[in-house]
Amino acid sequence: MHGAAALAGGGCLGWTLWHGVTRPGTALAFGMLVAIGELARPRNGPHRREQAPLAAAGALAYALLPGHGVAQSVTVVAAGVLVGAVPQVACGRGQRFGDQAARRVLTTVFAAVCFQPTASSGALPGPTGHVLFLVLLLLLTALCDAVLAAFLAGARTGHPYPSLLRDELRGLLGIGSAVCATGAVAALAVAVAGLWALPLLCVPLLVTQLAFGRYAAVRRTYRETIASLARATEVAGYTRPGHAHRVAVLSRAVGRELGLSGEDLTVLEYAALMHDIGQLSLVDPVPQGATALLPEAEQHRIALLGGAVVRRTGVPSAVAVVVERQATPYAEQPLAARIVRTANAYDDLSGESAQGAFRALERLRLDTARDHHPAVVEALARVLARGGAAGGTGGDGRGGGARSGSADGVTGRIAG
């Protein structure tokens with residue numbers, strides 16, 4: 001996909017240089033708008049969600065502005081994206097920015113190819129038909145961008161494509177609708193009233209983009225606070241170092257494998273991070289924190305204590321429900337509780353060797369009659385067979401992988 005974007009951008013640049021730039025002032029204004037939108041991108045936003053709505057709206061507006069053709073539309077947008085890439089690459093985020101740039105260029109190609117030939121031929125219908133045509137084109141362009149985003153995410157993480165696509169389509173109802181509306185209105189306004197309408201329409205979106213950056217920072221801080229609270233069991237010596245993080249990584253990957261997305265994944269991750277918090281109420285620590293080896297009644301008591309603690313932290317009540325239900329038979333559990341229980345048991349049983357990880361997975365398969373849901377165990381096996389949960393946790397994508405001695409080391413055994 002990166003190669004296709006580079007080929008399209010390079011070919012359109014050559015065509016534009018050969019034939020010259022039409023209305024250079026307008027081209028410069030839209031190129032600067034795209035560059036400013038990319039430069040204002042939040043430093044640590046989520047990987048796939050649209051983080052530069054101003055740039056996206058500017059690119060879409062220029063693609064829907066008649067009078068300059070497909071090649072120039074793509075060239076101007078690609079140039080703006082490249083200018084915005086300079087600080088991203090300088091900060092070491094080049095690979096991450098590459099996905100966003102490829103999406104921007106290819107989405108512009110799609111919109112321009114659909115609109116520019118029709119506009120240049122004079123085949124646009126009357127006012128009502130023109131509006132309907134733009135609405136249909138906006139829907140198709142938004143769908144194209146969601147498909148590209150899900151495809152790139154699947155290539156990076158190996159998660160199932162349907163759940164990734166659902167996540168992207170759900171996001172279109174939020175910032176995606178604002179981008180489409182601003183892009184269409186900006187194109188119509190500039191065509192009628194001139195360039196002075198461009199800043200008037202785009203300033204609100206720039207404010208929204210800055211607010212989005214603040215929101216992403218708050219969410220990141222919130223998650224880090226929960227992770228710090230979860231590490232209390234490690235600091236107190238109740239669980240092994242990194243246990244909560246490994247369980248959260250595996251739980252999130254298994255949740256993706258089973259089709260969870262959006263807030264369901266967030267609840268799952270928070271519950272996995274805090275699943276052992278009930279051990280702080282114990283007088284004597286569980287040996288190595290391995291609750292999966294305890295009698296069922298003791299597991300249930302620790303889970304209820306953990307749920308009581310979680311309810312006092314201010315996280316959504318759904319997280320406490322998952323923590324409380326993790327020790328009940330899987331027939332009575334919600335899906336998130338099944339996943340947390342299985343991921344926790346795997347980390348408790350696997351040890352530090354590939355052989356131990358292999359035996360842990362076999363043990364989980366033997367316990368599918370009551371303790372672990374077969375579909376969850378097999379989803380965990382597929383995650384491990386792909387190399388563990390290296391995709392990390394959290395919206396910022398900075399979480400580490402699973403323990404190399406278990407999740408990654410067992411890959412060859414399971415695949416074999």
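Is Arg-170 buried, partly exposed or exposed? Arg-170 is partly exposed, because its relative accessible area is 45%, and the cut-offs here are under 20% for buried, over 50% for exposed and in between for partly exposed, with a 1.4 Å probe and protein chains only. Okay, hold on to that residue, we'll be back.

Housekeeping, quickly. This is a predicted model, so local features need pLDDT of at least 70 and side-chain atom pairs count only at pLDDT 80 or more, while totals for chains, interfaces and linings use all residues. Residues are numbered from 1 along each chain as its sequence is written, and side-chain values use heavy atoms, with hydrogens and water left out.

So, the overall picture. The protein chain has 18 helices and 0 strands; those are DSSP runs numbered from the N terminus, H or I of at least four residues for helices and E of at least two for strands. Of its 416 residues, 51% count as buried. The accessible surface is about 17900 Å², and 66% of that belongs to carbon and sulfur atoms; areas come from Shrake-Rupley with a 1.4 Å probe, and for residues only the protein chains shown count as cover. Now contacts, meaning heavy atoms within 4.5 Å: among those between residues at least 6 apart in sequence, 72% join residues at least 24 apart.

On to the charged pairs. A salt bridge here is a side-chain nitrogen of Lys or Arg within 4 Å of a carboxyl oxygen of Asp or Glu, and by that rule we count 15. Take Glu-38 and Arg-104, whose side chains meet at 3.1 Å, N to O. Glu-38 sits in α2 (residues 24-39) and Arg-104 in α5 (residues 94-120), so this pair ties together parts 66 residues apart in sequence. Glu-38 is buried, at 1% relative accessibility, and Arg-104 is buried too, at 5%.

Another one is Arg-246 with Asp-347, at 2.8 Å, N to O. Here α10 supplies Arg-246 and α14 supplies Asp-347, so parts 101 residues apart in sequence are tied together. Both residues are buried.

While we're on α10 (residues 243-257): 14 of its 15 residues are buried. End to end, first C-alpha to last, α10 reaches 21 Å, close to the 21 Å expected at 1.5 Å a residue, where the expected span is 1.5 Å times one less than the number of residues. After α10 comes Gly-259, with a positive phi near 95°.

Back to Arg-170, as promised. Its partner is Asp-167, with the closest N and O atoms 3.7 Å apart. Both lie in helix α7, 3 residues apart, about one turn. Asp-167 is buried, at 7% relative accessibility.

(Lys and Arg count as positive, Asp and Glu as negative; His and chain ends aren't counted.) Beyond neighbours within four places in sequence, Arg-338 contacts Tyr-330, Ala-331, Gln-333, His-373 and Val-376.

Last stop, the surface. Leu-143, Val-147, Phe-151, Tyr-161 and Leu-169 form a nonpolar patch with about 400 Å² of accessible area together. The elements giving two or more residues to that patch are α6 (127-157) and α7 (161-193), and α6 gives the most, with 3. For patches, residues need over 30% relative accessible area and no salt bridge; like charges are joined within 9 Å, nonpolar side chains (Val, Leu, Ile, Met, Phe, Trp, Tyr) within 5 Å. Val-147, in α6, counts as partly exposed at 33%.
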